Protein chains: 2
Amino acid sequence: MRTLVYSYQWFSLFFLIFSLCVSAFNIPRLGIMQRTHQHEPARTVSSSDSPGDDLKTYYYTQRLDHFNYLPESYATFHQRYFVNSKYWGGAKSGAPIFAYLGAEAPVDEDIDVVGFLKDNAPNFNALIVYIEHRYYGKSIPFGSWKEAMRNATTRGYFNSAQAIADYAAVILHLKTSLSAQNSPVIVFGGSYGGMLASWFRLKYPHVALGALASSAPILYFSGAAPRAGYYYIVTKDFQETSMSCYQTIRRSWSEIDRVAKKPDGLSILSTTFRTCKKLSHSSELKDYLDSIYASAAQYNNPSYYPIKATCEAIDEAAKKTSNNILGQIFEGVVAFMGNKSCYDMNKFNNPSQTNIGWSWQTCSEMVMPIGHDKSDSMFPPEPFNMKNFVKDCKSLYGVLPQPHWVTTYYGGPDFKLNLRRFASNIIFSNGLGDPYSSGGVLESISDSVLAISTVNGSHCLDILGASPSDPQWLIMQRETEVKIIKGWIAMYQADLLSIK
Amino acid sequence: MRTLVYSYQWFSLFFLIFSLCVSAFNIPRLGIMQRTHQHEPARTVSSSDSPGDDLKTYYYTQRLDHFNYLPESYATFHQRYFVNSKYWGGAKSGAPIFAYLGAEAPVDEDIDVVGFLKDNAPNFNALIVYIEHRYYGKSIPFGSWKEAMRNATTRGYFNSAQAIADYAAVILHLKTSLSAQNSPVIVFGGSYGGMLASWFRLKYPHVALGALASSAPILYFSGAAPRAGYYYIVTKDFQETSMSCYQTIRRSWSEIDRVAKKPDGLSILSTTFRTCKKLSHSSELKDYLDSIYASAAQYNNPSYYPIKATCEAIDEAAKKTSNNILGQIFEGVVAFMGNKSCYDMNKFNNPSQTNIGWSWQTCSEMVMPIGHDKSDSMFPPEPFNMKNFVKDCKSLYGVLPQPHWVTTYYGGPDFKLNLRRFASNIIFSNGLGDPYSSGGVLESISDSVLAISTVNGSHCLDILGASPSDPQWLIMQRETEVKIIKGWIAMYQADLLSIK
């Protein structure tokens with residue numbers, strides 16, 4: 001697969017592959033890696049790496065295939081999870097367990113990012129467990145990442161239904177080994193991980209009492225996809241920040257095309273945008289810019305508002321050189337990426353575990369029809385084309401995408417109708433500035449399946465760690481979430497008393 | 001597998017393999033098989049056999065493995081379903097769909113048995129669909145039943161999670177092809193099929209609005225198994241019918257052993273019980289009698305009360321020959337089985353699809369720890385032994401049973417606590433005379449997850465067809481169920497109006 005991964009085809013398939021809670025270029029690096037040892041429950045093996053002082057690392061012997069009884073289904077792999085028991089009130093008091101459900105990245109990269117759990121654990125006397133998603137980080141079947149991704153047979157177990165079954169097994173194992181049968185479990189996740197959290201509560205209500213699903217675009221699937229989608233919101237975010245900036249970007253695409261057509265046009269563009277390697281096609285530059293605007297919108301964090309910074313640079317440059325659109329755009333790039341000696345056009349397409357893994361996931365089951373629709377006026381129209389997508393995925397991975405499976409298994413189009421009298425204890429939180437909120441649940445379904453949206457919020461903002469610079473609306477959003485979760489736990493404890 | 005199927009080992013593994021809604025020896029044969037033709041939706045192929053006048057047969061091209069993306073997961077098979085649209089009010093009026101979820105038998109054998117659907121369809125203007133369970137009847141992967149059951153690799157896809165995913169796919173396909181998006185679906189099932197119906201509502205609430213789960217022993221799994229189990233209730237049923245009959249049966253086992261030890265003892269027993277073939281071991285006779293008592297209790301239908309008939313014969317014989325215990329027992333056999341020229345001790349262990357299929361299912365995931373506990377005083381104690389069970393299954397099928405998977409995937413021990421504020425629209429109906437009611441949900445969980453039990457009811461009684469001889473309590477039970485289901489549909493229609 002290695003060659004394919006680097007191929008142009010892989011790039012072109014996906015406008016957008018970052019659906020993590022943090023942008024690909026500012027994932028905070030983790031602190032001191034610490035070696036830990038301790039007594040391990042029967043089905044876990046100890047490990048030697050663990051980020052952070054209060055964390056212990058475990059490996060659970062996980063079943064490769066939960067849903068069949070083939071001889072190969074019984075194969076196992078080591079699934080990594082981290083436990084922070086510093087704040088835990090203990091099994092006897094029925095103190096809760098916060099479980100972070102890993103997404104499409106090594107879970108250790110998320111631990112310091114999703115500060116919501118650690119920020120609130122003391123208040124809840126909660127144990128925290130961070131569980132890694134299969135096929136990411138160190139939770140890799142078949143011995144190595146290379147082997148696991150080698151062909152259709154080894155990749156085939158890499159999907160969401162298996163992943164949430166893994167989480168159920170790990171959590172039940174953890175509760176048994178801690179004798180914590182009466183400790184309610186709240187699951188947390190963001191973006192794809194947020195989808196997993198909400199689906200987990202729906203499919204395993206006996207394992208998790210409730211779920212906080214942050215920025216989970218669960219309505220962004222075939223048959224349920226929104227009319228005004230991802231790039232519509234990117235456009236809106238830019239329009240709301242600066243109409244002139246939006247206009248400059250809107251006009252820049254044809255300007256790139258015009259220059260590219262010149263003799264030596266790609267050299268001119270390479271120089272203008274200070275690319276690390278000479279452009280081989282203008283689409284490289286356009287995809288790069290596309291990713292910057294999308295990132296700026298998705299991660300438009302109030303602590304630094306990247307759209308504002310980008311647009312200010314573009315607008316400022318316009319004052320100086322009103323006719324040099326590409327020069328203005330380049331100033332936006334510098335503002336967003338930082339002043340660098342050169343700019344790597346493949347920055348967003350590097351063959352990381354996340355990019356390769358998520359590419360497979362979107363090509364098999366997580367088929368989100370994200371494209372540039374006509375109404376997304378900041379970009380040249382290029383609507384999502386399911387036929388081409390299916391064909392490309394088939395030729396890339398050898399198996400057909402199953403675009404209807406997510407809505408068959410988890411529900412979709414009539415989500416609101418179908419769940420208003422079913423399910424409970426789910427928070428769908430969204431920031432309306434987040435392009436993924438276009439596929440989010442923005443209206444409460446019932447008294448306990450709740451939508452909590454903030455007008456200015458960005459992707460996963462609520463489950464990130466609190467910061468002194470947090471605006472009041474963000475503080476309030478988190479307080480509301482805490483209050484709701486407290487209510488779930490209080491109800492559970494009352495139920496427990498009334499039954500036993 | 002053929003040789004294994006006939007082996008002693010296969011018999012000895014399972015005290016009890018009938019968990020169907022009808023006893024193995026009185027399944028009503030179906031009427032005229034009728035050839036039908038009609039326009040078929042895209043993914044179905046037409047068929048040439050169909051039981052009953054109002055039924056049409058369809059085959060859906062079903063995916064072999066819903067939960068993986070391996071090349072072999074994409075294999076398909078033809079899944080059979082029958083549609084009766086005689087009473088349907090049509091898609092425009094949003095008239096409901098009754099879906100019967102097949103269990104461990106060819107579904108055509110059930111259609112005339114589960115009369116509840118047809119009896120009530122006119123009242124609801126409902127479409128009826130009967131869907132066959134994979135690996136039964138004509139819904140067989142790998143081309144033939146022999147191939148499908150040949151080895152661990154072909155059998156491995158034969159399980160409940162795949163089966164309910166099949167049902168979701170068929171129902172969604174049917175709704176699409178009928179343009180019946182607003183027709184609410186109610187699923188029905190009995191015994192194992194009842195478990196599937198309740199699990200289906202839990203896992204696919206967006207596909208089924210509600211479920212009637214008749215005689216579904218969903219709490220009879222590892223970690224949740226009842227203390228007073230299946231044979232405890234068999235014993236109680238006999239005690240309540242006739243204490244003297246119960247005492248005779250209780251004493252008969254040691255009498256069988258005593259005679260068996262005599263020189264030519266097996267010949268004496270064979271003659272006494274008029275066996276078709278000479279007994280090769282006294283356990284053959286004991287297992288046969290065990291099955292008769294269990295059947296009599298499980299299918300103790302009020303139209304003929306087999307326990308009463310059996311016990312009357314035993315007690316009557318006792319009046320004539322008080323010292324001839326085995327003669328008395330034999331009279332019970334004659335009363336229950338009918339007067340035959342000889343009695344086939346393998347009657348309950350014939351290599352039918354149901355016996356072979358259910359044997360696999362209990363040996364892989366449906367591990368119900370049913371044994372003769374000490375408190376089941378009518379039988380010699382022989383408690384369920386998980387260790388031996390696992391060992392025997394492993395040697396029989398080559399793969400290890402997964403006794404914890406059912407409770408991991410579907411929930412179990414704390415069912416009441418976990419679902420009281422989750423889920424809705426499930427009726428768990430049980431007859432307390434049914435030995436399987438020991439694993440049933442006998443207390444309502446919430447306002448809409450309801451337990452409806454009748455003191456004298458037997459296995460699946462409520463979903464069988466109405467009969468003029470039905471006692472008042474059975475008529476009332478069915479009326480209550482109809483009223484509840486009407487309430488679900490009315491609520492759904494109100495919700496639909498309020499949303500659209």
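**Close-up 1. A disulfide joins Cys245(A) to Cys311(A), with 2.0 Å from S to S.** A disulfide here is a pair of cysteine sulfur atoms within 2.5 Å. This is a predicted model, in which local features need pLDDT of at least 70 and side-chain atom pairs count only at pLDDT 80 or more, while totals for chains, interfaces and linings use all residues. Residues are numbered from 1 along each chain as its sequence is written, chains are lettered from A and ligands numbered from 1 in the order in which they are written, and side-chain values use heavy atoms, leaving out hydrogens and water. The torsion about the S-S bond of Cys245(A) and Cys311(A) is about -65°, so this disulfide is left-handed. The pair links distant parts of the chain: Cys245(A) sits in helix 10 (residues 243–261) of chain A and Cys311(A) in helix 13 (residues 306–320) of chain A, 66 residues apart. Helices (H or I, at least four residues) are DSSP runs, numbered from the N terminus. Cys245(A) is buried, with a relative accessible area of 0%, and Cys311(A) counts as buried at 1%. Buried means under 20% relative accessible area, exposed over 50%, and partly exposed in between (1.4 Å probe, protein chains only).

**Close-up 2. Cys276(A) and Cys342(A) are joined by a disulfide, S to S 2.0 Å.** Here the torsion about the S-S bond is about 90°, so the disulfide is right-handed. Cys276(A) lies in the loop between helix 11 (265–272) and helix 12 (282–298) of chain A, and Cys342(A) in the loop between helix 14 (325–337) and helix 15 (353–364) of chain A, so the pair ties together parts that are 66 residues apart in sequence. Are these cysteines buried or partly exposed? Cys276(A) counts as partly exposed at 40% relative accessibility, and Cys342(A) counts as partly exposed at 27%.

**Close-up 3. In chain B, a disulfide is formed by Cys363(B) and Cys393(B), with sulfur atoms 1.8 Å apart.** Its S-S torsion is about -85°, so the disulfide is left-handed. Cys363(B) belongs to helix 15 of chain B and Cys393(B) to helix 16 of chain B, 30 residues apart. Cys363(B) counts as buried at 1% relative accessibility, and Cys393(B) is buried at 0%. Across all chains, a search of the whole structure finds six disulfides.

**Close-up 4. Helix 15 of chain B is mostly covered, with twelve of its twelve residues buried.** Among them are Trp358(B), Trp360(B) and Cys363(B).

**Close-up 5. The structure holds 64 aromatic pairs over all chains, and one of them is Tyr293(B) with Phe379(B).** Rings of Phe, Tyr and Trp (its six-membered ring) pair if their centres lie within 6.5 Å; planes under 30 degrees apart count as stacked, over 60 as edge-to-face and the rest as tilted. This pair is tilted, at 6.5 Å centre to centre with 55° between the planes. Tyr293(B) comes from helix 12 (residues 282–298) of chain B, and Phe379(B) from the loop between helix 15 (353–364) and helix 16 (386–397) of chain B, 86 residues apart. Tyr293(B) counts as buried at 2% relative accessibility, and Phe379(B) is buried at 4%.

**Close-up 6. The charged end of Arg63(A) sits over the ring of Tyr74(A), 4.3 Å from its centre.** A charge sits over a ring if NZ of Lys or CZ of Arg is within 6 Å of the ring centre and within 35 degrees of the ring normal. In chain B, Lys203(B) lies over the face of Tyr409(B), at 4.0 Å from the ring centre.

Terms used. Helices (H or I, at least four residues) and strands (E, at least two) are DSSP runs, numbered from the N terminus.
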